[in-house]
Amino acid sequence: MKIDLEAENKYILSQYKELILSCKGRLKNNDQDMIRTAFEFAVKAHKDIRRKSGEPYIYHPIAVAKICSQEIGLGTTAIISALLHDTVEDTDVTIEDIHGLFGEKVATIVNGLTKIQEFTEYTNSEQAENFKKMLLTLSDDVRVILVKLADRLHNMRTLEHMSRKSQLKTASETKFMYAPLAHRLGLNNIKTELEDLSLKHTDSEGYYNVIDKLKETENSRKTFIQNFIEPIEAILKEQGFKVKMFGRPKSIYSIYNKIKNKGVAFEEIYDLFAIRIIIDSNLEQEKADCWRIYSIINEFYYSNPDRLRDWISNPKSNGYESLHTTVMGPEGKWVEVQIRSIRMDELAEQGFAAHWKYKDSIIEKQNNFEIWLNNVRDILNNKETSALELIDDFKLNFFAEDIYVFTPKGEMKSMPSNATVLDFAYDIHSKIGDQCIGAKINYKLVPINHKLSSGDQIEILTSSKQTPKDEWLSFVNTARAKAKIKNSLKELFKQATELGKITLEKKFQKLKFKYTKKSIDLFAEFQNLPSNNELYYRIHLGNIDDSNIESFVEAYNQGLTSKPKTKKENKVEEFLTSFKRNAENLVLGDAVQTIKYNFSPCCKPIPGDDVIGFIEENTDIKIHRISCKKATELLSNFSSRVVKAKWNNEHLISFLAGLKLVGTDEIGLVNNITKVISSQLNINMRSIKFDTENSIFEGTIMVYVHDTKHLNHLIQKLQKVKGVTHVTRLENE
């Protein structure tokens with residue numbers, strides 16, 4: 001295909017002009033000249049390089065810079081960094097070149113964005129290491145992560161040009177790590193689009209089903225929103241408020257999740273959209289104005305008191321401020337209403353970037369971004385935390401919703417929703433955590449592993465005799481507490497090993513046995529221990545006593561202590577190399593298949609499901625559905641050990657699948673259901689379980705089907721049984 005270079009150059013120039021136009025109001029002094037220099041530098045560096053789509057590579061950095069400017073609201077330094085972010089990785093340009101031309105700040109950001117070299121160890125996760133390296137740059141400049149999120153967003157927008165495996169890896173990694181990170185940094189629009197695009201590439205059928213349903217109901221939704229808004233907008237303007245009111249649809253991903261997780265039909269989801277009211281109010285008056293508008297809305301529509309969310313008095317830890325209420329609107333439909341000021345809306349949409357804009361205001365005192373960043377830096381300072389442990393900590397803590405608890409003196413503290421008494425103790429001080437023996441919550445005595453709830457007032461109880469234990473690591477959920485416990489255990493271990501070392505030396509001397517490094521190494525090997533320190537530690541604890549030492553000395557004297565050493569082979573790497581050499585895909589259900597595999601019990605795949613194979617440490621291959629949460633994690637962290645898998649439809653084999661049924665109890669209901677399964681469709685059942693409460697039943701049925709087509713046919717038949725309102729496939733059986 002002939003390349004139209006003139007058209008490409010025109011497009012590049014038009015995109016550059018759009019970039020400059022988007023940040024014109026924020027440029028100072030010679031900022032535009034610097035951006036122009038960076039643009040020309042990037043064009044030259046990426047000359048003759050093309051993307052998978054066939055487009056010039058420079059399209060990508062310009063698009064990333066536009067996202068930084070238009071959608072995040074970042075300034076000149078970040079825009080220049082975005083234009084240059086791939087030059088060091090993909091061209092001959094060095095960090096020193098960047099530093100010399102554009103200064104230290106830009107060089108720091110570009111260096112943080114430069115990817116690490118690929119790992120050859122299949123037991124490591126290169127994605128996790130990449131993520132850890134990116135987070136480490138928080139200590140230098142948070143804009144690294146903001147530019148990285150812009151980079152990821154553009155890659156997701158152009159993902160259709162990648163191979164299927166690359167699509168699954170990138171989409172899973174995005175859903176698993178980057179969308180939650182965007183949420184934690186307050187970038188709501190970017191988080192929403194990342195989730196939607198991830199869904200598009202992991203379950204395209206589900207994605208387009210939701211889109212089609214939204215299009216079908218678009219006109220009726222617009223009419224409803226207009227009827228809801230008009231009377232409120234009129235009274236607000238009459239009372240002197242300057243407001244914007246509009247309907248905001250919920251994300252495709254959130255609607256999809258409700259259908260999937262709650263087992264409801266699209267038509268039964270009442271909160272497909274929210275009404276947003278944005279008020280132009282000064283800083284000192286904005287909270288009072290939000291509550292006044294809330295009061296006016298309640299004069300028109302009845303509110304649900306259980307659905308009131310006050311995030312203007314207690315902002316979320318990502319800086320989100322808004323007042324949410326759910327009211328009964330026209331046609332007897334519940335509607336969520338979000339009330340916020342212009343400042344609050346900018347914080348909600350642009351997150352950390354908007355936080356800088358209001359840095360000098362009195363609101364800074366209430367902003368939790370700095371607290372969050374300090375907590376992140378605290379965890380990153382622990383050099384011994386592995387990349388995968390770091391991601392686990394982030395998923396548990398920094399991406400979790402918050403609860404608000406109080407000290408005995410009434411000071412409010414924000415904690416992750418899964419925090420325990422011990423987490424709270426370590427949040428106060430390391431020493432208090434180390435000596436914690438329990439707590440009084442609302443004057444009631446509770447153990448150290450008691451889970452906290454919002455509104456709890458907590459008094460930590462301590463004892464000078466208490467010391468941290470290994471099991472404490474299972475009692476805490478915050479990364480801070482885990483790091484503190486590990487440090488304390490490490491110090492206790494160090495003290496114990498020193499004492500154990502002295503004890504062993506005395507024992508050897510008593511037996512007139514030579515105390516050398518070689519003899520200690522042999523003793524540790526004799527006890528099947530991984531290190532000499534572990535040997536000293538166990539001696540101090542008394543787990544290795546005089547009889548064990550005497551047995552070793554006797555064996556040594558008889559020449560029975562040496563063991564042949566074997567070189568540990570990387571079985572996974574060897575197996576994967578062999579697999580790639582002999583087959584492109586793992587064919588499931590093939591009678592002549594020589595590669596062994598088994599189906600994961602967490603999602604129970606059946607023919608017709610989109611699946612992957614994952615090579616485990618023992619070289620077993622586990623088959624997962626792509627929609628499985630575990631598959632998302634594996635694709636995100638261990639994509640090198642994922643193999644493509646496809647179904648062979650030549651053989652009719654029965655696979656176990658689970659169904660969940662909900663409805664109203666009817667006479668003969670179970671009999672009618674089993675008739676459909678056994679008599680009409682001739683399907684075998686493994687088990688059936690029904691529970692009824694107040695005339696509402698919920699049941700699960702495990703059946704043997706051939707494929708997804710067979711299962712979907714069964715679901716359609718069961719939905720026609722009188723009394724059955726919902727039939728959904730169990731995601732985790």
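Residues are called buried when their relative accessible area is under 20%, exposed when it is over 50%, and partly exposed in between, with a 1.4 Å probe and protein chains only. By that definition Phe655, at 10% relative accessibility, counts as buried. The structure is a predicted model, in which local features need pLDDT of at least 70 and side-chain atom pairs count only at pLDDT 80 or more, while totals for chains, interfaces and linings use all residues. Residues are numbered from 1 along each chain as its sequence is written, and side-chain values use heavy atoms, with hydrogens and water left out.

**Salt bridges**

- The structure contains 26 salt bridges, a salt bridge being a side-chain nitrogen of Lys or Arg within 4 Å of a carboxyl oxygen of Asp or Glu.
- One of these joins the side chains of Arg50 and Glu8, with an N to O distance of 2.9 Å; this pair links distant parts of the chain, since Arg50 lies in the loop between α2 (31-45) and α3 (59-72) and Glu8 in helix α1 (residues 5-23), 42 residues apart. Helices here (H or I, at least four residues) are DSSP runs numbered from the N terminus, as are strands (E, at least two).
- Within this pair, Arg50 counts as partly exposed at 32% relative accessibility, whereas Glu8 is buried, with a relative accessible area of 14%.
- Arg157 and Glu193 also form a salt bridge, in which the closest N and O atoms are 2.7 Å apart; because Arg157 belongs to helix α9 (residues 143-157) and Glu193 to helix α11 (residues 188-202), the pair ties together parts that are 36 residues apart in sequence.

**Aromatic contacts**

- A search of the whole structure finds 24 aromatic pairs, where rings of Phe, Tyr and Trp (its six-membered ring) pair if their centres lie within 6.5 Å, and planes under 30 degrees apart count as stacked, over 60 as edge-to-face and the rest as tilted.
- Tyr207 and Tyr208 form an edge-to-face pair, with 5.0 Å centre to centre and 85° between the planes; Tyr207 is buried at 10% relative accessibility, and Tyr208 is partly exposed, with a relative accessible area of 40%.
- Trp647 and Phe655 are likewise an edge-to-face pair, at 5.7 Å centre to centre and with 85° between the planes; Trp647 is buried, with a relative accessible area of 15%.
- Ring pairs also link Phe508, Phe513, Tyr515, Phe523, Phe526, Phe552 and Tyr556 into a cluster.
- The charged end of Arg152 sits over the ring of Tyr178, 4.3 Å from its centre, a description that applies if NZ of Lys or CZ of Arg is within 6 Å of the ring centre and within 35 degrees of the ring normal.

**A mostly covered helix**

- In helix α4 (residues 76-84), 8 of the 9 residues are buried, among them Thr76, Ile79, Ile80, Leu83 and Leu84.
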